[in-house]
Amino acid sequence: MSNQSEEKILTVSEINRIVKEIIEDNIPPLWITGEISNYKAHISGHIYFSLKDENAQISCIMFKSYAKNIPENIGNGIKVRVYGEIGVYEKGGVYQIYVKEIREEGKGDLQIAFEKMKRKLFEEGLFAEEHKLPIPEYPMKIGVITAIQAAALRDIINVLSRRAPFVEIILRPAQVQGEQAKFDIVKAIDELNEYGDVDIILLARGGGSIEDLWAFNEEIVARAIYDSKIPIITGVGHEIDFTIADFVADLRAPTPSAAAEVAVRSRQEIEGVLLNYEKALSRAFVKILNDYNGKLNIYKESYALKKFVDIVRQRRIDLDRYVERANISLLRTLNEKVRELSFFSKRVESTNYKNILKRGFVIARRDGNIMKARKDVNLYDRLIFEFYDGKIRGIVDKKIKE
Amino acid sequence: MDRELSFEEAIEELEEITNKMEKGEIPLEKSIELYEKAKKLIKFCEDKLSNVEKRIKELKKDENGNFYLKDIEEIDEESD
């Protein structure tokens with residue numbers, strides 16, 4: 001044990017500062033439930049009250065900037081849930097809640113109802129993966145259920161027009177907020193199913209409070225989604241909002257735009273798919289053709305084909321013989337013709353030259369040979385001269401110079 | 001009434017034909033037939049993709065409870 005006089009002795013300010021640091025550094029902002037008492041709306045706009053339960057109470061302060069949005073009927077005895085952080089007021093040595101939001105506890109029952117419904121439908125199997133319908137890969141007709149004048153619809157149309165301008169959008173407008181919303185949503189789902197000619201349904205709503213989105217937590221809506229024969233993609237609220245509809249849906253997207261985004265493939269993507277098929281088909285077709293070629297070669301080697309070829313070859317030889325025989329007879333005929341021709345031509349010749357002799361020409365022969373020139377003839381040659389009407393004989397007595 | 005082939009069905013058929021062709025073992029005539037069929041399917045899909053006229057319709061019911069589609073020209077620029 002150390003000497004008591006040497007221990008550090010704190011001032012009130014110091015201990016309050018330490019307490020403040022310990023509390024404020026270690027307790028994050030949080031929700032606290034309780035009943036309001038000592039309610040005072042100060043002229044400054046700040047609100048002061050205590051939050052209590054059966055056994056204890058804690059001071060609360062809500063600054064003007066936050067106090068604007070408090071529920072209307074706030075006052076003593078009202079059960080509320082407050083959101084804020086614990087702060088220590090050093091001068092007073094007290095701690096209190098710096099409140100940023102107050103919700104009436106009655107409304108918080110929605111959260112309880114949500115949890116209860118979720119558990120019930122989960123146990124019934126409505127969220128089970130095996131009950132989810134497959135999402136079509138290439139939907140061309142997109143059913144949309146949302147409010148007709150909502151930003152959600154414009155977001156969906158924008159995304160679809162950009163990514164997949166070839167799709168058809170079939171809107172079934174529905175109230176997505178208020179007492180009648182759940183009935184209208186159910187009717188819309190039923191009608192699109194009855195109509196039948198859509199590939200997928202987008203069920204969408206923009207962001208809002210749990211009350212705003214409540215229709216999507218209703219049991220009849222959950223059952224209509226479950227019973228739909230057409231796959232349903234939900235896009236309700238913002239990323240952080242989960243509704244019962246999201247759990248039952250065949251696919252949950254965080255927002256309406258995201259629902260449209262996951263529903264369709266872009267044009268480029270699909271064109272890529274088609275191109276791949278085209279390539280695969282061409283490849284397969286070429287391969288089939290090549291295989292056939294290969295098979296043909298095998299057939300060429302086969303016995304049956306060889307036999308066939310043999311038969312052809314045999315026929316061919318026979319044919320050659322026919323041709324040969326044909327040729328021989330042809331040749332014979334030809335030779336005969338040639339002979340005939342030369343015979344006739346000689347006759348033609350012999351009849352013709354006599355006509356020439358009649359015109360005053362004479363043929364001179366020596367020993368039967370025709371003398372065609374002066375130089376062929378010698379002095380004292382004995383020549384036969386043929387006239388057209390007969391022959392005479394004579395002897396050459398002089399070679400006359402020209 | 002003869003229902004028009006859906007895009008999804010066309011792709012499924014393409015997939016089927018491609019598988020058959022890739023497996024081979026089909027008569028040559030059949031493969032030519034399949035190849036022609038596949039080319040037609042691809043053309044069908046491409047035609048669908050290039051059909052980009054904006055089509056936004058509202059599903060309505062007439063007094064007899066029959067469905068009809070009404071063209072929607074513009075969506076009001078009003079936020080929820």
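User: Which helix holds Lys354(A), and what makes Lys354(A) count as exposed?

Analyst: Lys354(A) is part of helix H10 of chain A, residues 303–358, where helices are DSSP runs of H or I with at least four residues, strands are E runs with at least two, and numbering starts at the N terminus. A residue is buried when 20 or more other C-beta atoms lie within 10 Å of its own, exposed when 12 or fewer do, and partly exposed in between, with C-beta atoms placed from the backbone. Lys354(A) has 11 C-beta neighbours inside 10 Å, so Lys354(A) counts as exposed.

Residues are numbered from 1 along each chain as its sequence is written, and chains are lettered from A and ligands numbered from 1 in the order in which they are written.

User: How do you know that S7(A) and S1(B) pair?

Analyst: Two strands pair if DSSP finds at least two bridges between them. S7(A) and S1(B), residues 55–61 of chain B, share four bridges in the parallel sense, so they pair. One of the residues involved is Leu171(A), whose bridge partner is Glu58(B).

User: How many residues of each chain are in contact with the other chain, and which element of chain A gives the most?

Analyst: Contact means that C-beta atoms, placed from the backbone, lie within 7 Å. By that test, 39 residues of chain A meet 34 residues of chain B. H9(A) gives the most to this side of chain A, with 14 residues. By class, the side has 26 nonpolar residues (Ala, Val, Leu, Ile, Met, Phe, Trp, Tyr, Cys and Pro), 10 charged (Asp, Glu, Lys and Arg) and three polar (the others, Gly among them). For the complex, the predictor gives an ipTM of 0.84 and a pTM of 0.57.

User: What is the pLDDT over residues 76–80 of chain B?

Analyst: pLDDT is the predictor's confidence in each residue, from 0 to 100. Over residues 76–80 of chain B it stays under 50, and the model has eight contacts beyond four places in sequence for them. Where pLDDT is low, the predicted coordinates should not be read in detail. Chain B averages 82, with 85% of the residues scoring at least 70.

Definitions and conventions: This is a predicted model: local features need pLDDT of at least 70, side-chain atom pairs count only at pLDDT 80 or more; totals for chains, interfaces and linings use all residues. Two residues are in contact if their C-beta atoms, placed from the backbone, lie within 7 Å.
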